[in-house]
Amino acid sequence: MSTSTMLWANSGDSHFIEPADLWSKELPKSLADLVPRSVKDEDGLWETVYVDGQSFRRRLPSSAAIEFGKGGSKAPGFSDFSKRLPDQDEEGVWAELVFPSLGMWAASFKTRELLKETARVTNDFSASEIIALSPRLLPTAQVSTLDVNDAIEEMQRCAGLGFKSVFLTVSPHPMQQDWQHEYWEPLWSAMEEAKMVIAFHIGTEPIDMAAGEVIGVTYRGPGGAVMNYTETTFSGQRAVMKMVASGALDRHPDLKVMVSEGGATWAPFLADRMEEGYRQHHMAVRPKLNRSPREIIYSQVYASFQHDPTAVAAVRYMGYNNAMWGSDYPHMEGTYGHTQKTLHELFDDVPQDVSERIRFGAFEELFPSAPKAPAEIRH
Ligand code: MN
């Protein structure tokens, strides 16, 4: 493959930013005052995020990427959807799964009505502004993570609006039971029935918010930055562990799970560990599964990565065929501004069938209704 050739890929991990007034203009004032909002420091390096009467501080990863990601220019399609496809055409991204930004804090909501209503408003916005724009853009639906009936009702409404997946936080708010519990079983049944994919995104744990707390800081001292970044990846693996060990995916073989931004090489490894536990602690294992953890993970769990060379090896040498590439547009962990360099480094020396599987095939299997990339850009 010549390095001058444009390499295209679908993306299992991209984002849009909600308009600042999205919820305040749609919701009654009592709820509008509680919706997520970000107030940036003057230096542009930190923000304070307010969610449902709580607040926390964090460094600004996304704005840094917007400001500095592409030779100092912004990623115009992040908030201006008319610029979205031109951005992706320039980068070489065909179809993409599009997650929210402020909506990623859904697990930190504790007011049931607020979560339900913000999800509804966001979904209507995504349907009219993103789904309507192009079938290449697949926004994730938002649903309640506090109440299973609210979640089912909105999920079904969204299926009718053309959504193909539902964004779920890696765990719900601690006041609700976690994903492995029977409480959520009706949602899994309903999602399987509606053919909606569960889309987990890493780094979406509920925030235990003391006012003004800085989040994303688990470790301090030497190595802290790398350790804190690496730490964020494990939450996606824990979400899959819950869905597999609890039997949720075993009971629903047509229910599929996506884990975005967390790499993909962990999937064969997690299968190894779960197989060992299932076999060697069999006397304590409940529930029993009809299929092995490896069979379940390899057939129902998909995972996106940005730069990981070993994710390609997981497909090529470990038989884990559900790794897919993702741009994480426009975040600084992603490839905006260097997508072509990344795709060439990952795939130039890889057999065509493996390359196509990771760049297109896994995504198309998970979202069969998404438009196929034309033959001339699949090479
Ligand atoms: Mn992402």
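**Note on the sheets, metal site and backbone geometry**

1. Strand E11 covers residues 257–260, and its pairing with E9 is parallel, over four bridges. Strands (E, at least two residues) and helices (H or I, at least four) are DSSP runs numbered from the N terminus; two strands pair if DSSP finds at least two bridges between them.

2. On the basis of this note: the model is predicted, with local features needing pLDDT of at least 70 and side-chain atom pairs counted only at pLDDT 80 or more, while totals for chains, interfaces and linings use all residues. Residues are numbered from 1 along each chain as its sequence is written, and side-chain values use heavy atoms, with hydrogens and water left out.

3. E9 and E11 belong to an open sheet of six strands, ordered E7-E8-E9-E11-E12-E13 with parallel pairing. The edges are held by E7 (141–142) and E13; each has a single partner strand, so one side of each lacks a neighbour in the sheet. Helix H14 (residues 352–366) packs on this sheet and touches E9, E11, E12 (301–305) and E13, where contact means heavy atoms within 4.5 Å. The direction of H14 makes about 110 degrees with that of E13; axes are lines fitted to C-alpha atoms, for helices over the stretch in contact, and angles run from 0 to 180 degrees between N-to-C directions.

4. At the E7 end of the order, two bridges join E7 to E8 in the parallel sense. Gln-142 stands opposite Phe-167 of E8. Strand E8 (residues 165–168) is covered on both faces: Ser-165 and Phe-167 on one side, and Val-166 and Leu-168 on the other, are all buried. Buried means under 20% relative accessible area, exposed over 50%, and partly exposed in between, with a 1.4 Å probe and protein chains only.

5. A second open sheet has three strands in the order E1-E5-E6, and the pairing is again parallel. Its edges are E1 (9–15) and E6 (137–139), each with a single partner strand, so one side of each is left without a neighbour. From one strand to the next, the twist averages 20 degrees. Strand E5 (residues 93–99) is joined to E6 by three bridges, and Val-98 has Pro-139 of E6 as its bridge partner. Helix H3 (residues 84–91) lies across E1, E5 and E6 and runs at about 125 degrees to E5.

6. Which protein atoms are the donors of the manganese ion? They are Asp-13 (OD), His-15 (NE2), His-201 (NE2), Glu-261 (OE) and Asp-328 (OD), lying 2.1 to 2.2 Å from the ion. Along the chain these donors follow the spacing D-x1-H-x185-H-x59-E-x66-D. Distant parts of the chain are linked here: His-201 is in E9 (residues 197–201), and Asp-328, 127 residues apart from it, is in the loop between E13 (323–325) and H13 (339–347). His-201 and Asp-328 are both buried. Donors are N, O and S atoms within 2.8 Å of the metal (3.2 Å for Na, K and Ca), and water is not among the atoms, so sites may look incomplete.

7. Asp-328 also deserves a look for its backbone. Its phi is positive, about 55 degrees, although the residue is not a glycine, and its relative accessible area is 0%. Lys-195 likewise has a positive phi, near 60 degrees. Is Lys-195 buried or exposed? At 69% relative accessibility, Lys-195 counts as exposed; it lies in the loop between H6 (185–194) and E9.

8. The bond from Arg-286 to Pro-287 has omega near -10 degrees, and Pro-287 sits in the loop between H10 (266–280) and H11 (293–300). The bond joining Tyr-329 and Pro-330 has omega of about -5 degrees. Pro-330 is in the loop between E13 and H13, and Asp-328 is found in that loop too.

9. The structure holds three cavities of 30 Å³ or more. A cavity is a set of points, on a 1 Å grid over the protein atoms alone, where a 1.4 Å probe fits but cannot get out; lining residues have an atom within 4 Å of a point. Points are joined across faces, edges and corners, and a volume is the space filled by probe spheres set on them. The largest cavity has a volume of about 60 Å³. Its lining includes Trp-23, Pro-36, Phe-109, Leu-115 and Gln-142. Helix H4 (residues 112–131) gives the largest share of that lining, four residues.

Terms used
1 Å grid on protein atoms, 1.4 Å probe; cavity = no way out; pocket = protein on both sides within 12 Å on 5 of 7 lines; lining within 4 Å.
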